[in-house]
Amino acid sequence: MVSDAVSLLWMDRLLRLSEAAGARGEIPVAAVLLDEAGRCVGWGSNRRHRRADPLGHAELLALRQAAAARGDWRFNSCTLLVTLEPCPMCAGALIQARVGRVIYAAGDPKRGALGGSLDLSSHPSAHHTMAVSGGVRGARAAQQLEQWFRQRRQARQAMAAGTAAGDD
């Protein structure tokens with residue numbers, strides 16, 4: 001399994017990648033799938049808006065890239081790191097891909113599916129169990145997400161105010 005030191009280094013890199021995704025107008029989330037030696041086998045950052053792809057979540061892109069590179073869809077000995085707790089769709093994909101371990105930064109009490117609003121990893125229907133831990137660089141990731149959403153709301157409000165002022 002990937003060491004704590006390696007996890008911290010990768011999470012720092014993911015936070016920089018998620019910041020770049022946010023600058024492109026995507027929700028700032030990034031993910032990487034590491035093999036047992038801590039090497040990247042697949043990575044991704046959110047691309048839903050840019051590609052008009054409802055499946056363009058960072059975790060799914062990382063899994064897809066890793067599967068293509070390895071020629072296999074099973075990742076029992078791999079660790080996925082992601083800057084936000086996976087949603088139900090992504091958590092389901094991680095279970096289907098048999099990922100051995102998931103480490104996320106910020107928890108998501110509204111939509112998180114690995115302990116936030118529900119825990120698919122321990123659900124009786126899950127045919128695979130994986131180790132899950134959260135909070136690695138969690139405060140930094142949460143701050144990044146909060147700031148991004150705050151800026152989006154302010155930009156929408158300013159645009160709405162400008163449109164209303166133009167109607168006079």
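## Strand 3 and its neighbours

Ala31 sits across from Val82 of strand 3 in this predicted model. That pair belongs to a stretch where strand 1 (residues 30-34) and strand 3 line up antiparallel, with four bridges between them. Strand 3 also pairs with strand 4 (residues 101-106), this time in the parallel sense and over five bridges. Here Leu84 is the residue facing Ala106 of strand 4.

How many of the six residues of strand 3 are buried? Six of the six, with buried meaning under 20% relative accessible area. Strand 3 (residues 79-84) is therefore largely enclosed by the rest of the structure.

## The crossover

To get from strand 3 to strand 4, look at helix 4 (residues 88-96): the three elements together form a right-handed β-α-β unit.

## The largest pocket

Leu84 turns up again here, as one of the residues nearest the centre of the largest pocket, along with Asp108, Arg111, Leu145 and Phe149. The pocket holds about 560 Å³ of space, and 23 residues line it.

Which helix gives the largest share of that lining? Helix 5 (residues 138-166) does, with six residues. By class, the lining has ten nonpolar, nine charged and four polar residues.

## The second largest pocket

The second largest pocket has about 270 Å³ of space. Its lining counts 13 residues, and Glu19, Gln144, Gln147, Trp148 and Gln151 are the closest to its centre.

Helix 1 (4-23) and helix 5 each put at least two residues into this lining. Sorted by class, the lining of the second largest pocket comes to six polar, four nonpolar and three charged residues.

Notes. Residues are numbered from 1 along each chain as its sequence is written. This is a predicted model: local features need pLDDT of at least 70, side-chain atom pairs count only at pLDDT 80 or more; totals for chains, interfaces and linings use all residues. Side-chain values use heavy atoms; hydrogens and water are left out. Buried means under 20% relative accessible area, exposed over 50%, partly exposed in between (1.4 Å probe, protein chains only). Two strands pair if DSSP finds at least two bridges between them. A crossover is right-handed if, with the strands pointing away from the viewer, the path from the first strand over the helix to the second runs clockwise. On a 1 Å grid over the protein atoms alone, a cavity is a set of points where a 1.4 Å probe fits but cannot get out, and a pocket is an open set with protein on both sides within 12 Å along at least five of seven lines; lining residues have an atom within 4 Å of a point. Grid points are joined across faces, edges and corners, and a volume is the space filled by probe spheres set on the points. Ala, Val, Leu, Ile, Met, Phe, Trp, Tyr, Cys and Pro count as nonpolar, Asp, Glu, Lys and Arg as charged, and the others, Gly among them, as polar.
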